[in-house]
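Colleague: Please take me through this one, and expect some jumping around.

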Amino acid sequence: MSYRIRPDRALDDEVHKAAAHQLGKAMAVLTDRPQGLHEAVHAARKNIKRVRALYRLIGPVAREFQQRENDRLRNMARTLSGVRDATALIEIGHYLQATARSAEELHALTRVSDLLTTRRDRLAAAQTDLEDRAQAAVAICDEAREALKEVSFHCGRRDTARLFQKSWRRNVRKAMQALSECHAEDAHVESFHDLRKCSQDYWMHHMLLRDVWPAAMHAKQLEAKALVDVLGRYVDMSILAAVADREPHLFDRSDDHARLLEAIIARQQTARGEALERACWVFADKPESEARTIKHLWLEAAD
């Protein structure tokens, strides 16, 4: 896999290769679209998330580059987000269906999923410029790939180790702050969203640096990915509840609306408990200690 930074090679080369590969994959899928345009957009957005996580990892030694490219790629991804966001609500609707607690709830949630699918198709039909946006995204990815050639980090082995130590410590601190806010009784969904973003970076950073200790890094990567998935369900259910309240005309039957909200409340309670439990395990170590371990592992692997 190309999404990695090998400790026995120059940082410049590894970052350039990993980022260029992900940008190239995004360009290819948006151009070829083997499963259609909407799936291509979804796949490309995942590639872009990986590039942005990589740039946050090397940010301390290339802050201007990181901020500029993050803005470029974030803004581009947003232009492609509309229909994808609507599709995510369908997926959470299917999850609610699969966990229905009664036949009546199942029938109601099945009708809701059908309505959400109709809503997505209507939004897709109205977004007549998606083709233009996809083509513009390909051009922006190409610009981002060209910008890579101009950046150099001038990091030797020890400089790189200190860089990763600093980035690791910063992200884990942010995650633990978000986790603390999530534990509050009146925790806002935004805190769970912040924890999810930190957890995504944590998961991807384990992928990038997995060569320093393959077995342990892979195990932690899987734990972080499971946390990201649970947090994603929690956040998506909040978004679905907001859409249901904002667009009551979607529902042909008022009891479907009520059953949907009841199902969301029940599943969110479960997801909240699971997310907090997983997060306490994933982020069990102190930021300074874990970051220092990453530094030492990098130096040992580089030797």
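Colleague: Which residues is E105 in contact with, leaving aside its neighbours within four places in sequence?
Modeller: Beyond those neighbours, E105 is in contact (heavy atoms within 4.5 Å) with T99, A100, R259, A263 and R267. This is a predicted model, in which local features need pLDDT of at least 70 and side-chain atom pairs count only at pLDDT 80 or more, whereas totals for chains, interfaces and linings use all residues. Residues are numbered from 1 along each chain as its sequence is written, and side-chain values use heavy atoms, with hydrogens and water left out.

Colleague: What joins the side chains of E105 and R267?
Modeller: The side chains of E105 and R267 are joined by a polar contact of 2.9 Å. That term stands for a pair of N or O atoms within 3.5 Å, where within protein one must be able to donate a hydrogen and the other to accept it, and where residues adjacent in sequence count only if both atoms are side-chain atoms.

Colleague: Where is E105 found, and why does E105 count as buried?
Modeller: E105 is found in helix α5, residues 103-126; helices here are DSSP runs of H or I with at least four residues, numbered from the N terminus. E105 counts as buried because its relative accessibility is 4%, the classes being buried under 20% relative accessible area, exposed over 50% and partly exposed in between, with a 1.4 Å probe and protein chains only.

Colleague: And R119, buried or exposed?
Modeller: R119 also has its place in helix α5, and with a relative accessible area of 9% R119 is buried. Leaving aside neighbours within four places in sequence, R119 is in contact with A86, L89, V243, E247 and L250. R119 and V235 are 116 residues apart in sequence, and their C-alpha atoms are 20 Å apart in space.

Colleague: Changing topic, which residues of the largest nonpolar core touch the most other members?
Modeller: That core has 93 residues, of which I5, Y55, F164 and L209 touch the most other members, and its largest share, 13 residues, comes from α9. A nonpolar core is a set of buried Ala, Val, Leu, Ile, Met, Phe, Trp, Tyr and Cys residues joined through side-chain atoms within 4.5 Å.

Colleague: What does F164 touch?
Modeller: Not counting residues up to four places away in sequence, F164 touches I5, L11, L57, I58, L209, I294 and W298.

Colleague: How about A137, buried or exposed?
Modeller: A137, whose place is in helix α6, counts as buried, at 0% relative accessibility. With residues up to four places away in sequence not counted, A137 touches L30, M76 and L80. A137 and V41 are 96 residues apart in sequence and 9.6 Å apart in space, C-alpha to C-alpha.

Colleague: On to the second largest pocket: what is its volume, and which residues line it?
Modeller: The second largest pocket has a volume of about 220 Å³, and its lining consists of Y202, H206, W213, A216, M217, K220, D285, S289, E290, T293, I294 and L297. Two or more lining residues come from each of α8 (189-208), α9 (214-246) and α11 (287-302), with α11 giving the most, five residues. On a 1 Å grid over the protein atoms alone, a pocket is an open set of points where a 1.4 Å probe fits, with protein on both sides within 12 Å along at least five of seven lines, and lining residues have an atom within 4 Å of a point. Points are joined across faces, edges and corners, and the volume is the space filled by probe spheres set on them.

Colleague: Now the loops, please. Where are R33 and H154?
Modeller: R33 is found in the loop between α1 (11-32) and α2 (37-57), and H154 lies in the loop between α6 (130-148) and α7 (157-182). R33 is not a glycine, yet has a positive phi of about 50°, while H154, also a residue other than glycine, has a positive phi near 55°. R33 counts as partly exposed, at 22% relative accessibility, whereas H154 is exposed, with a relative accessible area of 69%.

Colleague: Last one: K286, buried or exposed?
Modeller: K286 is exposed, with a relative accessible area of 63%, and is found in the loop between α10 (254-282) and α11. K286 and V172 are 114 residues apart in sequence and 8.2 Å apart in space, C-alpha to C-alpha.
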